[in-house]
Amino acid sequence: MNYNDFPDDTEDPEHSQLARAKAASRSTWVSVGVNLLLTLLQIIAGIFSKSQGLIADGVHSLSDLVADFVVLFANHHSKKEADEGHPYGHHRFETAASMVLGMLLLAVGIGMLWSAIIKLENPDSVQQVHVIALWVACAALLAKELLFRYMLRVAKQVKSSMLVANAWHARSDAASSLVVGVGIIGNLAGYPILDPIAALIVGFMVAKMGWEFGWDALHDLMDRSVDQEEVDAIRSTLLATPGVSGVHDVRARKMGDMIVADAHIEVDAKITVEAGHDIAVLARQRVLQRHRVLNLMTHIDPR
């Protein structure tokens, strides 16, 4: 997830660690309640209506429930202050949580694919579903789409990639419920094989999204650099600092949803060491205030 999803780089009290933690906890508990209800409703209705697609969607909702608790766990640990063992804080708990979410989705998707393939190899075993399955699928679609819109709005407000990942997880559920609904309609119309085909498509969607989230989080854990736009914005802030005549070698890497950066700033060679130090301190303060930078290491070059 990149910072283009977030509209600006100005300082905002809503983006503080405390605000982010509260927003993550609130939105995730809402998700827990929705997913718990949907899991029970979909699996029970799927069993009684003999719809494999609806059962698969229920298992997907169950994976969301587990994912929600992973997010709550990560949210609890990521807001801890820096300590001797973690001098930059615990921000990467969020990235680790995103990777766990991805692995969970990938595993659930592969399981759905396997189950659907077995059904498709024995088409005679596919039964016609009851119409109640369609009503439950429609209700799940509406609930998941509303949940996605709510969670994404909160995620963008506090600029958290972990919450964005969890929101799009909810959107994948809405898409899967739509596919399941189409499969159930086809089954009711006299084409029973469409129900396991819907389950197959859902499995593929879940596995694909899981792979993308996991791969993205893995690169973040390997100190992936931030977007060039963000680097350019930091460079502009440094250049606008009084006393700074040039900037070069600006580098930045992700630390959860924060940034750790270093830069060489050029100052007048004739000023005192103390004056050069004061300019560097001011430049660092301005960057930390205006960007999601956790720490900036500056090197002073005479010019």
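**Entry 1: ground rules.** I am working with a predicted model, where local features need pLDDT of at least 70 and side-chain atom pairs count only at pLDDT 80 or more, while totals for chains, interfaces and linings use all residues. Residues are numbered from 1 along each chain as its sequence is written, and side-chain values use heavy atoms, leaving out hydrogens and water.

**Entry 2: helix 7.** I looked up residues 228–239, which form helix 7; helices are DSSP runs of H or I with at least four residues, strands are runs of E with at least two, and both are numbered from the N terminus. Helix 7 has 12 residues and reaches 16 Å from first C-alpha to last, close to the 16 Å expected at 1.5 Å a residue (1.5 Å times one less than the number of residues).

Which residues of helix 7 are buried? I found Glu-230, Val-231, Ala-233, Ile-234, Thr-237 and Leu-238. Buried means under 20% relative accessible area, exposed over 50%, and partly exposed in between, with a 1.4 Å probe and protein chains only. Down the axis, the buried residues fall within an arc of 160°, so they line one face of helix 7; the arc is taken from the directions from the helix axis to the C-beta atoms.

**Entry 3: the neighbours.** These buried residues pack against strand 1 (246–255), strand 2 (258–267), helix 8 (273–290) and strand 3 (293–302). Thr-237 counts as buried because its relative accessibility is 8%. Thr-237 touches Arg-286, Val-287, Arg-290 and His-291, not counting residues up to four places away in sequence (contact means heavy atoms within 4.5 Å).

**Entry 4: helix 1.** I also checked Ile-44, which lies in helix 1 (residues 17–49). Ile-44 counts as partly exposed because its relative accessibility is 47%.
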